[in-house]
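Open the model in your viewer and keep the selection tool at hand. We will go stop by stop.

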Amino acid sequence: MAIIFLRTLILFICLLTATRVMGKRQVGELEPSELVVAVLISDIAAHPLQDISIPMLNALVPIIVLPCLEIIVTMLTLKSLRFRSFVCGKPTVIIENGRIIEREMRRSRVSLDELTLALRRKDIVDIGSVRCAVLETDGSLTALLYASEKPPSASLCGITAQDKPLPVVLINDGRLLSDNLRFLGKDGKWLQTELRKNGAKSVSEVFYFTCDSGGKTYFLPKSGGRAR
Amino acid sequence: MKKEITAVCILVFILAGSLLNIRVFHRITGSLASEIDAAELCAQSGSWPEAEEKLSACISRWNSLHGYTHIFIRHTEIDKLNDALEEYLGALLSRDISSAESRYFFLIKQLESVAEMESISLGTVL
């Protein structure tokens, strides 16, 4: 048991370091420590299932230890900036004032194809229109356009735009969500009136029904019906 | 912060439990080894029934620990040790001194190997 504990500790540190060395490209949407835990746990759990001669404890100990280590690492990254930059790395500026910084791209091991792909995903085709692009610690790309290239906002156009109220789901696949009904301050009587208005006799006939705080509803009956 | 403190406490608890487990396991293997040694001494002096009795008592004690051993030790290692114990008992029953002696050394080696598996050393950890 002590050996398993120590091995888990050593492997966690080694894998965390390896993930950091591999760079941002490999991380995806997870932080390195989260990735390490996800990779290790899925594999550890499989062994005692496949081989019944391995005591269950051999898997249980690492499965308990790894999330604990992850919590501690996360806490340390919040407390210490130095530790955070060691574990998670630092964001890298790869485009500045419309110019690609080759040195940073090579260091992050991002190819031109990958960069242009990430920009296209953000509807950006002209690198010259990018004031700044940052490769974040989780491997995603943040691009900031020049003010002249940004789509105009309502405030820039001098238009007063109002936020729409959020619709709340009241019926989901024939099931009434009573908590949401109470949240909107409506009751069963109101719901029955709405159902009748939309040609339904009961909740079970409704596939999807939402209502916002302004009273606007969206009604979709079960198969075959038309949305109202 | 509660979550972090709980995580640290769990780690400390597991580490302490592991170290305690090593001590307990070493005590068990140590006492089994001395019982086996006693049986071998009897065999060497020709007291075969006494040797059989001592080894049977040792086997019963080992079997009574199965609940514990199956949780902490690889089942294949337990099986190997069971086989070694049975083979040594067989040799004692056949009253064959040379066979008993070789089975005894094999059994002690097996016991040491199981005990070593639970010890912390550079070799076992890495």
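This is a predicted model: local features need pLDDT of at least 70, side-chain atom pairs count only at pLDDT 80 or more; totals for chains, interfaces and linings use all residues.

Stop 1: Select the strands of chain A. Four of them form an open sheet, in the order E2-E1-E3-E4, and the pairing is antiparallel. Now pick out the edges. They are strand E2 (99-100) and strand E4 (141-145) of chain A, and each pairs on one side only. Strands of a sheet pair through backbone hydrogen bonds.

**Stop 2: one strand pair.** Select residues 92-96 of chain A, which are strand E1. E1 of chain A pairs with E2(A) in the antiparallel sense, over two bridges. Which residue of E2(A) is the bridge partner of Ile95(A)? Colour Ile100(A) to see the answer.

**Stop 3: chain B.** Chain B has six helices and zero strands. Along the sequence the pattern reads α-α-α-α-α-α. Of the 126 residues in chain B, 22% are buried. Next, take the contacts in chain B with a separation of 6 or more: 59% of them join residues 24 or more positions apart.

**Stop 4: where the chains meet.** Show both chains again. Here 17 residues of chain A are in contact with 23 residues of chain B. Select helix H1 (2-22) and helix H4 (57-79) of chain A; each supplies at least two residues of the side that touches chain B. H4(A) gives the largest share of that side, eight residues. Colour this side of chain A by residue class: 15 are nonpolar, one is polar and one is charged.

Terms used: Residues are numbered from 1 along each chain as its sequence is written. Chains are lettered from A and ligands numbered from 1 in the order in which they are written. Two residues are in contact if their C-beta atoms, placed from the backbone, lie within 7 Å. Helices (H or I, at least four residues) and strands (E, at least two) are DSSP runs, numbered from the N terminus. Ala, Val, Leu, Ile, Met, Phe, Trp, Tyr, Cys and Pro count as nonpolar, Asp, Glu, Lys and Arg as charged, and the others, Gly among them, as polar. Two strands pair if DSSP finds at least two bridges between them. A residue is buried if 20 or more other C-beta atoms lie within 10 Å of its own, exposed if 12 or fewer, and partly exposed in between; C-beta atoms are placed from the backbone.
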